[in-house]
2 protein chains.
Amino acid sequence: MPEPNGMITHVEDIGWENRLAARARRMQSSVIRELLKLTSQPDIISFAGGLPAPDFFPIREVQEACRYILQHHGPIALQYSPTEGYQPLKEWLAETMSKYGIWVESDNIMMVNGSQQALDLVGKLFVDPDTCVVCSRPTYLGAIQAWDAYEARYCTVPMDEDGMIVEELPALLDKGKHRPRFVYVLPNFHNPAGTTLSQSRREQLAEIARRYDLVIIEDDPYGELRFEGADLTPLFRLAPERTIYLSTFSKTLAPGFRLAWVVAPKPIITRLVQAKQGADLNTGAFIQMVANDVCQRGILRQHVRRLRNVYRSRRDAMVDALQEHMPGGVTWTVPQGGLFLWVRTSDQIDTREFMKTAIAAKVAFVPGFAFYPGEQGGEHSMRMNFSYCNEETINEGIYRLGVAMKKELAGA
Amino acid sequence: MPEPNGMITHVEDIGWENRLAARARRMQSSVIRELLKLTSQPDIISFAGGLPAPDFFPIREVQEACRYILQHHGPIALQYSPTEGYQPLKEWLAETMSKYGIWVESDNIMMVNGSQQALDLVGKLFVDPDTCVVCSRPTYLGAIQAWDAYEARYCTVPMDEDGMIVEELPALLDKGKHRPRFVYVLPNFHNPAGTTLSQSRREQLAEIARRYDLVIIEDDPYGELRFEGADLTPLFRLAPERTIYLSTFSKTLAPGFRLAWVVAPKPIITRLVQAKQGADLNTGAFIQMVANDVCQRGILRQHVRRLRNVYRSRRDAMVDALQEHMPGGVTWTVPQGGLFLWVRTSDQIDTREFMKTAIAAKVAFVPGFAFYPGEQGGEHSMRMNFSYCNEETINEGIYRLGVAMKKELAGA
């Protein structure tokens, strides 16, 4: 294709890398995002992403809400709006969260563009270069990516089937020279591990946080997606004076809304609002008003009930398929909710290497190493998403994975 | 209202301020945002905000686009989407910008949540603590707020009726010990000054940037809203190898979309994508697809033509009213486009103090001091927005302002 003179593709590189701030040198493209590019071929069965089932989005209801909001509130929906978020939606959230024992006023809530923005703003407010953040190993990749940009260091605590082994925290804290800025915890259906932090560990963690004067960041994107068992107490309920709680509409309504929220004591909401003003002024009023309409009409509640059934059935399909197709020695978590389970292979399989074999066999997962911040780990683990594919596809994908793994083991 | 036991309003303050990162101490709530709260009483005539005319939003067209996108592309619109942005929209933008001499491929573009996010990501990538950013005085408040969060220092260059006096730049650069990270410039209908950088100064600035090996950040939210005169050459056209160009749909379509874009050489787009992944993963697909639909159908082009007429007429109404109602000695810029003009009062008026009098007289503006980063200036100036109110209201507001100012001068 002929290009006009001056097309930017012809310009010299003026040495951009040398002009970057120190923090930018730590930033990398997410391993998951790069993987997702590999796995976007239509014939690949992907357990790699964290995508909700697209065939169950409440499209008609969203369409109706868009029509209603634009017809009745168009000039407000399309205008600039308060940084804090849309007041009626915040009131609905305050009311709704009270059923989990999170008793707050709407002033304790700020709306954000997906939980990832909350993680970024928390980093901006709390992380100085080289300050320490406590998290589980493995932990959520997106949190690492957000805080790497503020040059955090990570002090990690191992996990078992009851979540982060909080009993090991005091020894870690006594050893450290400086008080960590916060403890990051995913209590419900952990990403990537699939585990739930037990009630007694929640109580211990709140007690330790008080004793060591720590802040807790409680990330709860999947709490509403519980398939079985009773809800456990949020950390926010156990230590409301020192917990910043995050949740989102991405897994219950739709990720395309980019709509989530933070709950925190008011002094921190004030600071989060200042940080968000500098970051993007406000979250779009239109999207917030549409979400509010869907919530107020009771549609979200119905929809979440439906999703729980769909995802439970998909989890069961994956667990059954693993049982049927995996070679001996492979184990996995059976999560009580959420989107992910965590598979432990035999020590002969390096999942980072095995991924290439799997992709050749037209099936994808995320190798475990991606969830270990700046350290070894996860070489024999993989994260498997069960929300995106239907039961039949799940069975076919696990079958392919099992065949590939048996072949790999036979060759090794 | 009785509150359940454990309501967060009852918890102690654990000393949050002492836990903040160094950068957070620099963050403040925007003066404009705090002012807007004061001016939200319905009987106040506000020239303070930078709001588009809400009575001219293309509501019906947006409604139709929402319906179409959800009906035909619902599962994609509501799902996670690429960080770079929606490909067909980026292609439309590349095509459209070529008429201004910005010849780029879609890979040179990244979509963001309003230009404010682009300013934030630029700060994240380029600003180390205490590094210097060159800007005009006055300059856009939102840029200061974005870069304060990364602890920037500001080296400022004065303005005249032809925009930033770039002739003073070499002396400033020779004086400084360190190379500034970039020069920030609003070439068209400057916020707050209303001026346009002349063609010869654009050429000089490109030449100086090359000589001193500087990066240029070209912020162009209002370029499409030119009422008269010919388009001048974008800095991006004059120095494509070293310019990062920002523009937005907020002023042409609707701010409630929170949709803007960055144009840059590919190595910088790669870095911006990494930074955006950590900041909020991606901009919502739904909003991008709706905007794309509106653009592809030619609706945006028609709409912008209409806005130019509306805003020209409102600018004229404000200039006429200033002529009629202001006391002698008050002067103002007559911008060729955009949303703002800049009023210079007599030295006896301190606009920060006068604002209180004005609000008592039920009219609001932004005092000039707000646009001077960390230094004196603007004490006798004010920014006046002419896009939000209709002609009649503009005349009434300026009349009130004139009466208040004459009274203040008589009392002084």
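Chain A and chain B meet through 83 residues from chain A and 83 residues from chain B. The model is predicted. On chain A, five helices each supply at least two residues to the side that touches chain B: α2 (59-77), α4 (115-126), α5 (141-148), α9 (266-280) and α10 (285-296). By class, that side of chain A divides into 43 nonpolar, 21 polar and 19 charged residues.

The two sides can be compared. Of the interface residues of chain A, 100% are also interface residues in chain B, so the copies meet through the same surface. The geometry of the pair comes next. Chain A superposes on chain B by a rotation of 180 degrees, with 0.0 Å of shift along the axis and an RMSD of 0.0 Å. That is the relation of a two-fold axis. Which residue of chain A comes closest to the rotation axis? Cys66(A) does, with its C-alpha at 3.5 Å.

Now look inside chain A. The domain assignment gives domain 1 (8-57 + 302-411) and domain 2 (59-297). The contact takes 33 residues from domain 1 of chain A and 34 residues from domain 2 of chain A. On the domain 1 side, the elements giving two or more residues are α11 (299-325) and β11 (340-344) of chain A. The largest share of that side, six residues, comes from α11(A). The domain 1 side has 16 nonpolar, 10 polar and seven charged residues.

Turn to chain B for a helix pair. Two packed helices are described by the angle between their axes and the distance between the axes. Helix α11 (residues 299-325) of chain B packs on helix α13 (residues 391-411) of chain B at an angle of about 25 degrees, and the axes are 9 Å apart. Angles under 35 degrees count as roughly parallel, and α11(B) and α13(B) are therefore roughly parallel to each other. Is their crossing left-handed or right-handed? The crossing of α11(B) and α13(B) is right-handed.

Which residues make this contact? From α11(B) come Ser313(B), Arg314(B), Ala317(B), Met318(B), Ala321(B), Leu322(B) and His325(B). They meet Glu391(B), Ile394(B), Asn395(B), Ile398(B), Tyr399(B) and Gly402(B) of α13(B). The residues of this helix contact divide into seven nonpolar, four polar and two charged.

Note on methods
Residues are numbered from 1 along each chain as its sequence is written. Chains are lettered from A and ligands numbered from 1 in the order in which they are written. This is a predicted model: local features need pLDDT of at least 70, side-chain atom pairs count only at pLDDT 80 or more; totals for chains, interfaces and linings use all residues. Copies are superposed by least squares on the C-alpha atoms of residues with pLDDT of at least 70 in both. Two residues are in contact if their C-beta atoms, placed from the backbone, lie within 7 Å. Helices (H or I, at least four residues) and strands (E, at least two) are DSSP runs, numbered from the N terminus. Ala, Val, Leu, Ile, Met, Phe, Trp, Tyr, Cys and Pro count as nonpolar, Asp, Glu, Lys and Arg as charged, and the others, Gly among them, as polar. Axes are lines fitted to C-alpha atoms, for helices over the stretch in contact, and angles run from 0 to 180 degrees between N-to-C directions. Angles under 35 degrees count as roughly parallel, over 145 as roughly antiparallel, 65 to 115 as roughly perpendicular and the rest as oblique. A crossing is left-handed if the near helix is turned anticlockwise from the far one by less than a right angle, and right-handed if clockwise. Domain bounds come from an automatic or database domain assignment.
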